[in-house]
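The tour below moves from one selection to the next and states what is found at each stop.

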Amino acid sequence: MHIVLVNRWPRFQDGVRWDNELTRYEEFINHDAHRVSYVVDGPGADGVLVDPAKIAHMVRVADVNDVEVLRSCLVEITEKVGPVDQLIALSEFTLEIAARVRQDLGIPGPTPDEVAVYRDKVRMKEVLAEAGVRVPRFARCTDAEDALSFAAGCGYPLILKPVDGAASIGVHRVDDETALRELLPSLDLSRYEIEEFVPGHIHHVDGYADDESGVPFQVASAYVNDCLSFGAGAPLGSVVLNESDLRLRIEEFARECVRALGLRTTPFHLELFVTDSGELVFLEIGGRVGGSEVPYVVNRLFGVNLYEVWLRSLAGERIDVPAKAAETSGGWLVIPKPAELPARVVEVTTLKDAVPTVWRELVPPVGSVLEPGGSYDALHAGRYILLHEDQDRVTADIHRITEAFRLRTEPA
């Protein structure tokens with residue numbers, strides 16, 4: 001089999017940062033049994049820790065998410081190595097690009113239509129609504145007048161978000177018509193949807209969909225704060241749920257969504273609302289491994305590396321995903337960088353020794369410079385992974401860290 005991997009993620013060898021340590025291509029793809037080529041950008045080149053002699057061909061580009069560039073890379077690789085049997089991209093931002101290239105070049109694998117159910121936030125809700133799953137009221141933003149008409153019928157507040165976005169980038173909460181009229185001219189409405197604001201507590205489910213759209217493994221968690229607030233500078237965390245009636249309902253809800261969407265041979269990251277009345281309402285789903293510290297918590301607690309399961313399955317191995325063997329909990333917390341950047345760190349709190357549930361802590365060293373950019377896995381003010389069998393204890397310690405943490409910076 002000739003496999004092409006598209007990688008835009010670095011891996012760090014300093015023993016401090018753990019970002020992308022679970023994406024071990026050299027271990028999960030048999031480079032002796034398969035011809036394996038790579039397309040990488042600058043950071044992505046640092047994430048391929050494979051013996052160069054075992055790489056069939058590597059192409060370095062400025063942006064792997066440029067569809068024309070990626071297509072030309074696959075043409076070059078095909079000419080030098082031979083026909084491509086599998087084109088693999090793990091980043092959410094590359095899934096749709098890779099699907100378009102597969103379609104253009106006749107490469108097997110998920111098509112744009114298949115990827116749309118976990119990349120296009122309108123399409124996924126259309127499919128689920130048809131299947132009877134409760135979703136927010138929504139509409140694609142064809143133009144400003146249609147958006148205003150939807151708002152008049154739905155009421156405020158409302159959410160506007162890119163249909164193909166991730167990490168809450170470009171998401172806006174709008175509280176009244178005046179704010180909506182001011183916002184709409186600034187957006188590329190061809191990429192946006194508008195939807196009902198659903199009050200409630202946001203949860204997420206991270207698992208794996210097998211080749212029959214079954215869910216052999218999943219982990220349900222509750223957010224502490226929410227992703228939209230994180231974009232505005234608030235800390236964001238999450239706690240794995242202990243066994244309860246709510247968790248069982250959430251797990252069944254996730255199975256229903258995966259089955260209705262027809263997700264196959266892919267990890268998934270599902271987000272949903274739990275309203276004050278206990279109703280479960282779909283928010284969105286991604287056909288990829290959850291971001292931030294999610295995969296590290298799942299792997300540490302349950303011994304399941306979702307990247308490994310995904311990569312080995314795509315490389316043709318039969319993978320039996322183990323069921324969760326223990327009742328436990330854990331969680332994570334990210335305290336974002338300050339608003340004014342770049343900033344040099346003058347003083348920072350370390351809490352690993354003060355909070356026994358902390359397994360991992362990442363804080364910027366004094367003297368280092370925090371730069372703009374990056375998502376949840378950037379070098380932030382503070383990143384924490386916590387372990388404890390009781391979700392209430394984990395939640396309490398997330399709040400404890402949030403209250404005790406201090407970062408002092410100066411303009412860089």
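Begin by selecting P157, which lies in the loop between α7 (144–154) and β6 (158–162). The model shown is a predicted one. The peptide bond joining Y156 to P157 is cis, with an omega of about 0°.

**Helix α7**

As a general rule, an α-helix has 3.6 residues a turn, so residues three or four places apart point the same way.

**The cysteines**

How many disulfides does a search of the whole structure find? The search finds 0. C154 is in no disulfide, and the nearest cysteine sulfur, that of C141, is 12 Å away. C154 counts as buried, at 15% relative accessibility.

Select C257 next. C257 is buried, with a relative accessible area of 0%.

**Helix α10**

C257 is one of the buried residues of α10, so extend the selection to residues 245–261, the whole of that helix. Helix α10 has 17 residues and reaches 25 Å from its first C-alpha to its last, close to the expected 24 Å. Its buried residues are R247, I250, E251, F253, A254, C257, V258 and L261. Viewed down the axis of α10, the buried residues fall within an arc of 160°, so they line one face of the helix. Among the elements that cover them are α5 (112–119), α6 (121–130), β9 (201–209), β10 (217–224), β12 (266–274) and β13 (280–286).

Just after α10, stop at G262, which takes a positive phi of about 70°. Continue to T265, in the loop between α10 and β12. The phi of T265 is also positive, near 50°, in a residue other than glycine. Is T265 buried or partly exposed? At 25% relative accessibility, T265 counts as partly exposed.

**Strand β9 and I202**

Strand β9 is among the elements covering the buried residues of α10; within β9, select I202. I202 is buried, with a relative accessible area of 16%. Leaving aside neighbours within four places in sequence, I202 is in contact with A222, Y223, D226, L272, F273 and L283. Then draw a C-alpha to C-alpha distance from I202 to C227: the two residues are 25 apart in sequence and 9.3 Å apart in space.

**The largest cavity**

Which residues line the largest cavity? Select E92, K121, G165, A166, H269, E271, E284, I285, G286 and R288 to display its lining. About 50 Å³ of space lies in this cavity, and the structure holds 3 cavities of 30 Å³ or more. Strands β12 and β13 each supply at least two residues of the lining of the largest cavity. The largest share, 3 residues, comes from β13.

**Two further loops**

Proceed to S292, in the loop between β13 and α11 (294–302). S292 has a positive phi of about 55°, although it is not a glycine. S292 is buried, with a relative accessible area of 9%.

The last stop is P342, in the loop between β14 (329–335) and β15 (343–348). Here the peptide bond from L341 to P342 is cis, with omega near 0°.

Methods: Residues are numbered from 1 along each chain as its sequence is written. This is a predicted model: local features need pLDDT of at least 70, side-chain atom pairs count only at pLDDT 80 or more; totals for chains, interfaces and linings use all residues. Side-chain values use heavy atoms; hydrogens and water are left out. A disulfide is a pair of cysteine sulfur atoms within 2.5 Å. Buried means under 20% relative accessible area, exposed over 50%, partly exposed in between (1.4 Å probe, protein chains only). Helices (H or I, at least four residues) and strands (E, at least two) are DSSP runs, numbered from the N terminus. The expected span of a helix is 1.5 Å times one less than its number of residues. The arc is that of the directions from the helix axis to the C-beta atoms. Contact means heavy atoms within 4.5 Å. On a 1 Å grid over the protein atoms alone, a cavity is a set of points where a 1.4 Å probe fits but cannot get out, and a pocket is an open set with protein on both sides within 12 Å along at least five of seven lines; lining residues have an atom within 4 Å of a point. Grid points are joined across faces, edges and corners, and a volume is the space filled by probe spheres set on the points.
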